[in-house]
Amino acid sequence: MPEKSLLNNLLSRQDTWKGHQYHLSKNSISTGNDHIDKFLLGGWPLSAITEVSARQNGIGELSLLLPVLKHYTNKGKLCVWLDPPYEPYAPCLADAEILLDKILILLSTKLLVNSSCSLSDNLSSNNFVFSIQ
């Protein structure tokens, strides 16, 4: 499937949160920071693709995702990481009560597009898919 078609398909879904939607999501998980939760209109939206883009890597951006990672892994859901800038530190994740056997790290976006584990399959299974850049 061409990338443009995949993006259009994802954006047309009713469960895709777009930044211009100005309502608090009842289906969200707190980031652990009240100011950021307010900015995100309630926290991280559930059943969504989440991309964290920081001007500088390694400044604690992952700590904002720990509550949602814990939520999904403890419900038996798979959390897919797309091309993380650093290798996630397993002891830190385990200390945050994140189930490591529910974490999948993909190091190439081509792998995701060409594999049987497609992005749309992950979304329809209510898995948590995110990218940190």
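## A buried aspartate and its surroundings in a predicted model

D37 is buried (under 20% relative accessible area, where over 50% is exposed and anything in between is partly exposed, with a 1.4 Å probe and protein chains only), yet D37 has no salt bridge, and the nearest side chain of opposite charge, K38, is 12 Å away. Residues are numbered from 1 along each chain as its sequence is written, and side-chain values use heavy atoms, with hydrogens and water left out.

D37 is found in helix α2, which covers residues 34-39; helices (H or I, at least four residues) and strands (E, at least two) are DSSP runs numbered from the N terminus. The side chain of D37 is joined to that of S30 by a polar contact of 2.5 Å, a term for a pair of N or O atoms within 3.5 Å, of which, within protein, one must be able to donate a hydrogen and the other to accept it, and for which residues adjacent in sequence count only if both atoms are side-chain atoms. Not counting residues up to four places away in sequence, D37 touches S30, T31, G32, G42 and G43, where contact means heavy atoms within 4.5 Å.

### Overall organisation

The protein has 6 helices and 6 strands, and along the sequence these follow the pattern α-β-α-β-β-α-β-α-β-α-α-β. Of its 133 residues, 33% count as buried. Among contacts between residues at least 6 apart in sequence, 64% join residues at least 24 apart.

### The nonpolar core

A nonpolar core is a set of buried Ala, Val, Leu, Ile, Met, Phe, Trp, Tyr and Cys residues joined through side-chain atoms within 4.5 Å. The largest one here holds 16 residues, of which W44, L69 and I98 touch the most other members.

### Helix α3 and the salt bridge

A search of the whole structure finds 1 salt bridge, in which the side chains of K70 and E97 meet at 3.0 Å, N to O. Because K70 lies in helix α3 and E97 in the loop between α4 (90-95) and β5 (103-106), the pair ties together parts that are 27 residues apart in sequence. K70 counts as partly exposed at 32% relative accessibility, and E97 likewise counts as partly exposed at 47%.

T73 is also found in helix α3, where, at 0% relative accessibility, T73 counts as buried. The side chain of T73 reaches the backbone oxygen of K70 at 3.5 Å. Leaving aside neighbours within four places in sequence, T73 is in contact with C79, E97, I98, L99, K102 and I103. In the loop between α3 and β4 lies L78, which is partly exposed, with a relative accessible area of 23%; L78 and I103 are 25 residues apart in sequence but 5.9 Å apart in space, C-alpha to C-alpha.

### Backbone exceptions and cysteines

Most residues other than glycine have a negative phi.

| Residue | Phi | Location |
|---|---|---|
| L41 | about 60° | loop between α2 and β2 (44-45) |
| D83 | about 45° | loop between β4 and α4 |

At 17% relative accessibility L41 counts as buried, whereas D83 is partly exposed, with a relative accessible area of 28%.

With a disulfide taken as a pair of cysteine sulfur atoms within 2.5 Å, the count comes to 0 disulfides. C79 is buried, with a relative accessible area of 0%, while C92 is partly exposed at 36%.

Terms used
Predicted model: local features only at pLDDT ≥ 70, side-chain atom pairs only at ≥ 80, totals over all residues. Salt bridge = Lys/Arg side-chain N within 4 Å of Asp/Glu carboxyl O. Lys, Arg positive; Asp, Glu negative; His and termini not counted.
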